[in-house]
Amino acid sequence: MKVWVLRHGEAEPQARSDAQRNLTDHGRKQVLRSAAHLLGQPLDAILASPYVRAQQTAGLVHDALGFAEPLRTVSWLTPDSDPDRVVAELDALGLEHVLLVSHQPLVSSLLGLLGHGSRHAGEPMSTASLAELQGDAPLAGLMTLLSLRHA
């Protein structure tokens, strides 16, 4: 199985709430650069945080790839979500190739948990950074980080 983890693009610094922050023009460009690395990759689903900037990021990737399936919005991909819950949810979905669109600190914690078995061993991810992990299943410490690209 492969899991791609994409941090949302650059977002405006303020909005009425953190969840309502929009992507900037620069953030949109970052996302499209990252999406180019997904061209030709098999994907079963694109799962995104309900926050506006993640929804906008996932929408840009969806359109750039011409992905046929609808985006799936999941509550367990917000900035403060529990990485253990994300792993459990991914395992329960049984997907072979999935893109997760989320936020810091979750994305780094998730890389650490999947790749090293520790949420504290994750890689730093800038806005629109894209990580590719591979393994037999989405289980703590059992996936290998194949690449990490920064936009």
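Helices (H or I, at least four residues) and strands (E, at least two) are DSSP runs, numbered from the N terminus. This is a predicted model, in which local features need pLDDT of at least 70 and side-chain atom pairs count only at pLDDT 80 or more, while totals for chains, interfaces and linings use all residues. Residues are numbered from 1 along each chain as its sequence is written, and side-chain values use heavy atoms, with hydrogens and water left out. The protein chain has 4 helices and 6 strands.

**Helix 2 and what follows it**

- Just after helix 2, Gly 66 has a positive phi of about 65°.
- Helix 2 covers residues 52-65, which is 14 residues.
- The expected span of a helix is 1.5 Å times one less than its number of residues.
- For helix 2 that rule gives 20 Å, and the end C-alpha atoms are 20 Å apart, so the two agree.
- Buried means under 20% relative accessible area, exposed means over 50%, and partly exposed lies in between (1.4 Å probe, protein chains only).
- The buried residues of helix 2 are Arg 53, Ala 54, Thr 57, Ala 58, Gly 59, Val 61 and His 62.
- Contact means heavy atoms within 4.5 Å.
- The cover over these buried residues includes strand 1 (2-7), helix 1 (25-36), strand 2 (45-48) and strand 4 (97-102).

**Two backbone details in loops**

- The peptide bond from Gln 104 to Pro 105 is cis, with omega near 0°.
- Pro 105 sits in the loop between strand 4 and helix 4 (106-116).
- Ala 128 is not a glycine, yet it has a positive phi of about 65°.
- Ala 128 lies in the loop between helix 4 and strand 5 (130-135).
- With a relative accessible area of 0%, Ala 128 is buried.

- Ser 109 belongs to helix 4.
- Its relative accessible area is 17%, so Ser 109 counts as buried.
- Ser 109 is in contact with Pro 83 and Arg 119, leaving aside neighbours within four places in sequence.
- Glu 12 is in the loop between strand 1 and helix 1.
- Glu 12 has 25% relative accessibility, so it counts as partly exposed.
- Not counting residues up to four places away in sequence, Glu 12 touches Gln 20, Arg 21, Asn 22 and Thr 24.
- Glu 12 and Leu 77 are 65 residues apart in sequence, and their C-alpha atoms are 20 Å apart in space.

**The whole chain**

- From the N terminus on, the elements run β-α-β-α-β-α-β-α-β-β.
- The radius of gyration is taken over C-alpha atoms, and the globule rule is 2.2 Å times the number of residues to the power 0.38.
- With 151 residues, a compact globule would have a radius of gyration near 15 Å; the protein chain has 14 Å, which agrees.
- Along the principal axes, the C-alpha atoms fill a box of roughly 35 × 30 × 25 Å.
- Of the 151 residues in the protein chain, 48% are buried.
- Take the contacts between residues at least 6 apart in sequence: 66% of them join residues at least 24 apart.

**Surface and charge**

- Accessible areas come from the Shrake-Rupley method with a 1.4 Å probe; for residues, only the protein chains shown count as cover.
- The protein chain exposes about 6,900 Å², and carbon and sulfur atoms supply 48% of it.
- Lys and Arg count as positive and Asp and Glu as negative, while His and the chain ends are not counted.
- The place of a charge is NZ of Lys, CZ of Arg, CG of Asp or CD of Glu.
- The protein chain has 12 positive and 16 negative charges, and their mean positions are 8 Å apart.
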